Amino acid sequence: MKINNDYKNRQFSFKALPFRVERGIKLFEEFHTTPSKFCPRDYFVRICNDDYLPKGVSIRVDNENYTTIGVSDLTIMPKKVLFNDNMDVFSRSNRSQGAGTAMHLAGIMTMLENGLEKLKLFSLGQAVHFHSRFKFEPKIRELNELEDLVETNIVSHKGIGMVDDVAQRAEEWLFDDTGTNVRKRKIEGNKLLNEYLQMVLRNKYYEFDEFKIPLGFNMELTKKKILQNANFFNKLFERFGIDYKIPVE
């Protein structure tokens with residue numbers, strides 16, 4: 001398929017998952033998924049309007065007994081932002097079984113179908129690596145907070161060969177006194193933090209206690225990033241049996 005290189009003006013052509021419109025918001029119809037052939041679980045994923053927020057929606061994951069095991073609450077905000085107010089998989093036994101992934105994929109579909117540009121959330125420290133898997137990137141706006149996060153999570157690992165290169169560059173950024181403009185400095189700091197997180201993911205360092213993230217922070221996934229990683233997301237849609245596809249150039 002040939003599509004416009006300007007991602008903001010692209011016309012999408014997705015597969016057959018049906019959508020309905022309620023209160024001006026496009027919502028997908030309930031779908032069934034079995035995310036893992038190794039540990040099969042039947043999930044039913046649905047979405048409905050929030051009774052209290054006119055621009056709010058709630059994604060629910062039910063098990064084969066139609067018991068809700070996970071919830072993701074989202075709100076359409078100004079400037080074409082979809083904000084994830086809350087995302088929770090109930091009970092430890094239900095975690096790492098695909099319910100969280102199903103909710104993220106459902107949120108991405110909701111974002112794209114409603115013409116939104118960003119999906120934002122505040123991640124708890126323990127969930128940062130999970131959100132990073134789906135290409136969410138740090139979006140820390142306060143320089144002091146960003147400096148603390150870079151020092152705590154990256155510079156503290158200097159001397160550990162596995163991440164020493166990014167730790168060295170993070171230290172240079174942290175102690176840079178050349179008067180770099182604040183906006184540029186924040187962009188560079190967030191990029192360093194994201195590079196570090198992706199390195200930890202690729203090498204599965206998150207399995208070690210020293211690479212755990214102690215404090216959470218704001219993260220975002222942009223429409224542009226989704227389109228750049230269309231193959232990655234399409235493989236997830238296929239794996240989860242969701243009849244939805246993002247066009248690839």
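Mentor: A salt bridge is a side-chain nitrogen of Lys or Arg within 4 Å of a carboxyl oxygen of Asp or Glu. This is a predicted model, in which local features need pLDDT of at least 70, side-chain atom pairs count only at pLDDT 80 or more, and totals for chains, interfaces and linings use all residues. Residues are numbered from 1 along each chain as its sequence is written, and side-chain values use heavy atoms, with hydrogens and water left out.

Trainee: How many salt bridges does this rule give?

Mentor: Side chains of opposite charge can pair when their charged atoms come close. One of the pairs is Glu22 with Arg20, at 2.6 Å from N to O. By the rule, the count comes to 12 salt bridges.

Trainee: Which residue forms a salt bridge with Glu147?

Mentor: The closest N and O atoms of this pair are 3.2 Å apart, and the partner of Glu147 is Arg185. The pair links distant parts of the chain, 38 residues apart, with Glu147 in helix α3 and Arg185 in helix α5 (residues 182-202); helices are DSSP runs of H or I, at least four residues, numbered from the N terminus. The partner asked for is therefore Arg185.

Trainee: Is Arg185 buried or exposed?

Mentor: Buried means under 20% relative accessible area, exposed over 50%, and partly exposed in between (1.4 Å probe, protein chains only). Arg185 has a relative accessible area of 8%, so Arg185 is buried.

Key
Helix = DSSP H or I, 4+ residues; strand = E, 2+ residues; numbered from the N terminus.
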